[in-house]
Amino acid sequence: MNAIRPARADDVPAMAALHATAFADGWDAEVLRAFLTAPGAFGLIAEDEHVAGFVLCRAIAGEAEILTLAVAPSRRREGVGARLLAAAAREAVNGAEALFLEVADDNDAALALYRGAGFAEVGRRRAYYSSPTGAIDALILRRDLNR
């Protein structure tokens, strides 16, 4: 079972390495550090001996947004992502009424995770992501936090 704790500045290199394994266009340490230290931002780490996953969020003006969620490929389908989402929602509820995120509409595994966590589609950004096979829509998902 992974412990979940707040992300710290010294976690950024491990977060960047994990993000690079989880996404084709992974964010580097500089980008992650800037997001982590921005006003209203918070990050959570799931770890045992190593970082198994993390979520990076920001909460501003009554809304919270998941900027990214990454789980180590070897740790997927173990509940790490679900535990990170639950922890992010608990943290966000301290100032937000809703939690939003964007996800590629062809990312079936992520969509199943998010829908299982109570997120529902509220919008679409056409051709938001690019891939080697062409443009991919982003689905905007929302979860109410105060119900």
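Tutor: Buried means under 20% relative accessible area, exposed over 50%, and partly exposed in between (1.4 Å probe, protein chains only). The model is predicted: local features need pLDDT of at least 70, side-chain atom pairs count only at pLDDT 80 or more, and totals for chains, interfaces and linings use all residues. Residues are numbered from 1 along each chain as its sequence is written, and side-chain values use heavy atoms, with hydrogens and water left out.

Student: Is D144 buried, partly exposed or exposed?

Tutor: The side chain of D144 meets that of R142 in a salt bridge, with 2.0 Å from N to O. A salt bridge is a side-chain nitrogen of Lys or Arg within 4 Å of a carboxyl oxygen of Asp or Glu. The relative accessibility of D144 is 25%, so D144 counts as partly exposed.

Student: Which strands hold E47 and R5?

Tutor: E47 forms a salt bridge with R5, and their closest N and O atoms are 2.7 Å apart. Strands (E, at least two residues) are DSSP runs, numbered from the N terminus. The pair ties together parts that are 42 residues apart in sequence, because E47 lies in β2 (residues 41-47) and R5 in β1 (residues 3-6).

Student: What is the phi of A61?

Tutor: Most residues other than glycine have a negative phi. A61 is in the loop between β3 (51-60) and β4 (63-71), and with 76% relative accessibility A61 counts as exposed. Although A61 is not a glycine, its phi is positive, at about 55°.

Terms used: Helix = DSSP H or I, 4+ residues; strand = E, 2+ residues; numbered from the N terminus.
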